[in-house]
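Please look at the sequence and the structure shown here before reading on. The paragraphs below go through them part by part.

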Amino acid sequence: MLHTKVSQIEEIIEGAIQTARQHQKPQLISIVDRIDNIDPFQFLHTGQIIDQHRSFWQSAEEEFTLVGIGTASKLYAKTRARFNEIQSMWNDLNDQAVLYDDFNVKGTGIVALGGFSFDPEQRNGVPWENFSDSQMTIPAYMLTIKDDQCFLTTNVFLYPEDHPQQIIRQIKEHQEILFSPKPLPYEPIVRSGMEEVLPEEWKKTVERATDDIKKGLLEKVVLARELRVKFQAPVQLAEVIKDLAETQNNSYIFAFESDGDYFVGATPERLAKLEQDQLVSTCLAGTIPRGKTKEEDAELGQELLEDPKNLQEHQFVVDMIRGAVEACCTNVDIPASPVLYPLRNLQHLYTPVTATLDEGYSLLDVIERLHPTPALGGLPQKASVDYIRENETMNRGWYAGPIGWFDSSNNGEFAVAIRSALIKNDSASLFAGCGVVEDSEPEAEYEETAVKLKPMLSVLGGS
């Protein structure tokens, strides 16, 4: 139930249209309401009736969920300076917007959700035809759940020629749909086929990469591969997201829909989080499976903490993130050694980074400096990305790219889009990668990627 009276909404919309007519330019309004508790997965599922452009974000470390339905505005970059361009468009949008918000809760009001591709110079569009290189969306309707409180943001772009009653009627119809008490349908996802894309060629690429590293062409490169899956029926987005949220603890659960295609995942890897001027980043690199018993799990964890290859891979990430953060922050704090970060199927080496963002910088400035980290690209940064573009057997698209959100109060968070899948109706492409260094063995790296595919496979028809 909405806490804002209909008469108040009518007054706001009528006033905004008058302003649009007076200045002969559109007017963005954003209305935040406190609402009764609602199931976010039901909200996500019901939203497909309104628009096949939905988004979902759930934090890995706090009770914080965003669900976006429809589009009030989209921000696309047209140049290679994509982060700066999006930031400039965002600043202009906020300058002309009017916010009606009595709550001042992060993630409410004018919020952009979306992401960026891994490599803007990748030319092969398949299978990412429906996803732009960079795309941040301000939803028409957004559910925010923060510490057991629920809020609904309604964002509307109003034009001089709009009729107030028509807009008000549409909003009321959409809200009735979103708040309808329909249970989330559950239909088992049944796979009808599965195909690994060029696995032997991928292993040969790993072998070539180790030779090139020994020759001094680069220090490290992350190589990813693709697994294609077919299903007996179209896959429902909300069902997948709910299963991920229930099974993948300590992970960021995300979904971005574009023209009916879904990019979904459960990633453990935060890129950067900003609240006011306090920045948190994460160094996450080095991987080993979980044990079947408590004792085996502890042994594997200790093995990871002492493994030279994984420690080297982790230190690459720490050094790079340190340099990126120090370029725009003060009070940078980084522990001297990593600890274990356990997930359901895997455990990683983990080092947290905290800092204070300098005045004049934004979260996107930090993301631009961090992407891609050595954990997703390699070292040196440009050489490794060029190597991936020329040698990898697939188009990454948004896989391993920065995905997340930010609001108009200088809050936001981005993660790295790994442990993910691109779902297209009754088929999906799953992605997993591994860091290749001088002493990497192709078969071992292949097995590591197989383990990393398990989280998505488990919710797409079973392991």
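Predicted model: local features only at pLDDT ≥ 70, side-chain atom pairs only at ≥ 80, totals over all residues.

Residues are numbered from 1 along each chain as its sequence is written, and side-chain values use heavy atoms, with hydrogens and water left out.

We begin with the interior. A nonpolar core is here a set of buried Ala, Val, Leu, Ile, Met, Phe, Trp, Tyr and Cys residues joined through side-chain atoms within 4.5 Å. Buried stands for under 20% relative accessible area and exposed for over 50%, with partly exposed in between, using a 1.4 Å probe and protein chains only. The largest nonpolar core has 82 residues, and Trp57, Phe406 and Phe414 touch the most other members. Helix H8 (residues 308-326) gives the largest share of this core, six residues. Helices (H or I, at least four residues) and strands (E, at least two) are DSSP runs, numbered from the N terminus.

Helix H4 spans residues 164-178, 15 residues in all, and reaches 21 Å from its first C-alpha to its last, close to the 21 Å expected at 1.5 Å a residue. The expected span is 1.5 Å times one less than the number of residues in the helix. Within H4, the buried residues are Ile167, Ile168, Ile171, His174, Gln175 and Leu178. These residues lie on the same side of H4 because they cover an arc of only 130° around the axis. The arc is taken from the directions that lead from the helix axis to the C-beta atoms. An α-helix has 3.6 residues a turn, so residues three or four places apart point the same way.

Helix H7 (residues 294-306) has 13 residues, and its first and last C-alpha atoms are 19 Å apart, close to the 18 Å expected at 1.5 Å a residue. Asp297, Leu300, Gly301 and Leu304 are buried in H7. Their arc around the axis is only 100°, which puts them on the same side of H7. Glu295, Ala298, Glu299 and Glu306, on the other side of H7, are exposed. The cover over the buried residues of H7 includes strand S15 (278-289), H8, strand S17 (339-342) and strand S18 (346-357).

Next come the cysteines. How many disulfides are there, if a disulfide is a pair of cysteine sulfur atoms within 2.5 Å? The count is zero. For Cys283, the closest cysteine sulfur is in Cys329, 13 Å away and too far for a bond. Cys329 has its closest cysteine sulfur in Cys328, at 4.1 Å, which is also too far for a bond. Cys283 is buried, with a relative accessible area of 0%, and Cys329 is buried at 6%.

The strands come last. Two strands pair if DSSP finds at least two bridges between them. In strand S13 (residues 261-267), seven of the seven residues are buried. Asp261, Phe263, Gly265 and Thr267 lie on one side of S13, and Tyr262, Val264 and Ala266 on the other. Strand S12 (residues 252-258) runs antiparallel to S13 and is joined to it by seven bridges, with Glu257 having Tyr262 as its partner. S12 and S13 form a hairpin with two residues between them, and Asp259 in the turn has a positive phi of about 55°.

S13 also pairs with strand S22 (residues 420-424), in the antiparallel sense over four bridges. In this pairing Gly265 stands opposite Ser420. Ser420 is buried, at 1% relative accessibility. Leaving aside neighbours within four places in sequence, Ser420 is in contact (heavy atoms within 4.5 Å) with residues including Phe254, Phe263, Tyr399 and Met456.

Strand S21 (residues 411-416) is largely enclosed by the rest of the structure, because six of its six residues are buried. Strand S14 (residues 270-275) pairs with S21 in the antiparallel sense over five bridges, and Glu275 stands opposite Asn411. Strand S20 (residues 402-407) is antiparallel to S21 and joined to it by five bridges. The partner of Gly404 in S21 is Phe414. S20 and S21 form a hairpin with three residues between them, and Asn410 in the turn has a positive phi of about 70°.

Notes:
Disulfide = S-S within 2.5 Å.
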